[in-house]
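Here's a quick tour of a protein model, written for someone who likes to have the coordinates open while reading. Have a look first, then read on.

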Amino acid sequence: MIEVKLNFRDRGEGNVVILIHGLFGSLVNLSSLAKELGEMFRVVSVDLRNHGSSDHSQKMDLASMAGDISETMRFLGISEAAIVGHSLGGKVGMQMALMFPNLVTNLVVADIAPVRYSPQHNPLLDGLQHLNAMSVISRSEADDVLSEYETDRAVRAFLLKNLERDNSGQYRLRLNLSAIIENYHVTLTAAPQGGPSSCPVLFLKGQNSAYIQDKHYQEINRIFKRASVRVIDGVGHWLHIENPKVFNQLVSEFLIND
């Protein structure tokens, strides 16, 4: 029985690739990759619980979110799939490979490591909370609010994709912000549990990002016996947005050749 139903987009034919976005994201975030892979694979893009148009739940840990993916696969009649996940989506993908090894053929993890991260203050949460408490009637007004917390226009544009207009004409966030805040410093910073795994895994690191560091390589190789790491030059944590051409190319080559 599906407790949390995920919103998804299903396109193409052939071997299945499941795309999983990161925190504050939705299935549209990897749309460029989905379009490219859709010419060769059946691509299923999902909204994680508490994101996009998926169901909400106050429970939000890696095991539950991995279970959501496995239930979605069962619902769609998919027996196995490759998984591509960015940031939190990468952690969910790793947890999938560790919990359900028979379901995952190979895995791409974009700019996240299989480690517990130290809880840090996230100004984006403050900005989204501020926005959530307001009556916003335009996207430009929402952008002005977020600009007090985030100077990068591209990051603000990414966050504002969570806005939707309600029946009164005001904009609201589709995110279940209370659940994200409640779990942010506990389960969402946790490391995936289980292993070791023989699943082929490609880790993609943004050169300017600190999410995958040299000290993490030992843990990557301990958990994932068939792991490799590639660095994309000149980009940070949003590597799939900053250099989609190289990102898409590396993902495609790995999925085709592995």
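What follows goes from the overall fold to a few spots in the chain.

## The overall picture

First things first: this is a predicted model. The protein has ten helices and nine strands. Its radius of gyration is 18 Å, close to the 18 Å that the globule rule gives for 258 residues, so the protein is as compact as a globular protein of that length. Along the principal axes, the C-alpha atoms fill a box of roughly 50 × 40 × 35 Å.

Of the 258 residues, 54% are buried. If you take the contacts with a separation of 6 or more, 74% of them come from residues 24 or more positions apart.

## Surface and charge

## An aromatic pair across the chain

The model holds four aromatic pairs.

Most residues other than glycine have a negative phi, and most peptide bonds are trans. With that in mind, a few places here are worth a click.

Ser87 has a phi near 55 degrees, a positive value in a non-glycine residue. Ser87 is in the loop between β4 (81-86) and α3 (88-99), and with 11% relative accessibility Ser87 counts as buried. Asp111 also has a phi near 55 degrees, again positive without being a glycine. You'll find Asp111 in the loop between β5 (104-110) and α4 (123-132), and at 0% relative accessible area Asp111 is buried.

Then there's the peptide bond from Gly195 to Pro196, which is cis, with omega near 0 degrees. Pro196 is located in the loop between α7 (177-184) and β8 (197-206).

## Two helix residues

Which residues does Phe254 touch, leaving aside those up to four places away in sequence? The list is Asn106, Leu107, Val108, Pro200, Val201 and Leu202. Phe254 itself is part of helix α10 (residues 244-257), and with a relative accessible area of 13% Phe254 is buried. His237 is 17 residues from Phe254 in sequence, and their C-alpha atoms are 20 Å apart.

Ser31 is in helix α1 (residues 31-37). Buried or partly exposed? Ser31 has a relative accessible area of 34%, so Ser31 is partly exposed. Between Ser31 and Leu19 there are twelve residues of sequence separation and 9.1 Å in space, C-alpha to C-alpha.

Definitions and conventions:
Residues numbered from 1 in each chain as written. Predicted model: local features only at pLDDT ≥ 70, side-chain atom pairs only at ≥ 80, totals over all residues. Heavy atoms only, no water. Phe/Tyr/Trp six-rings, centres within 6.5 Å; stacked < 30°, edge-to-face > 60°. Helix = DSSP H or I, 4+ residues; strand = E, 2+ residues; numbered from the N terminus. Rg over C-alpha atoms; globule rule 2.2 N^0.38 Å. Buried < 20%, exposed > 50% of the residue type's maximum accessible area, 1.4 Å probe, protein only. Contact = heavy atoms within 4.5 Å.
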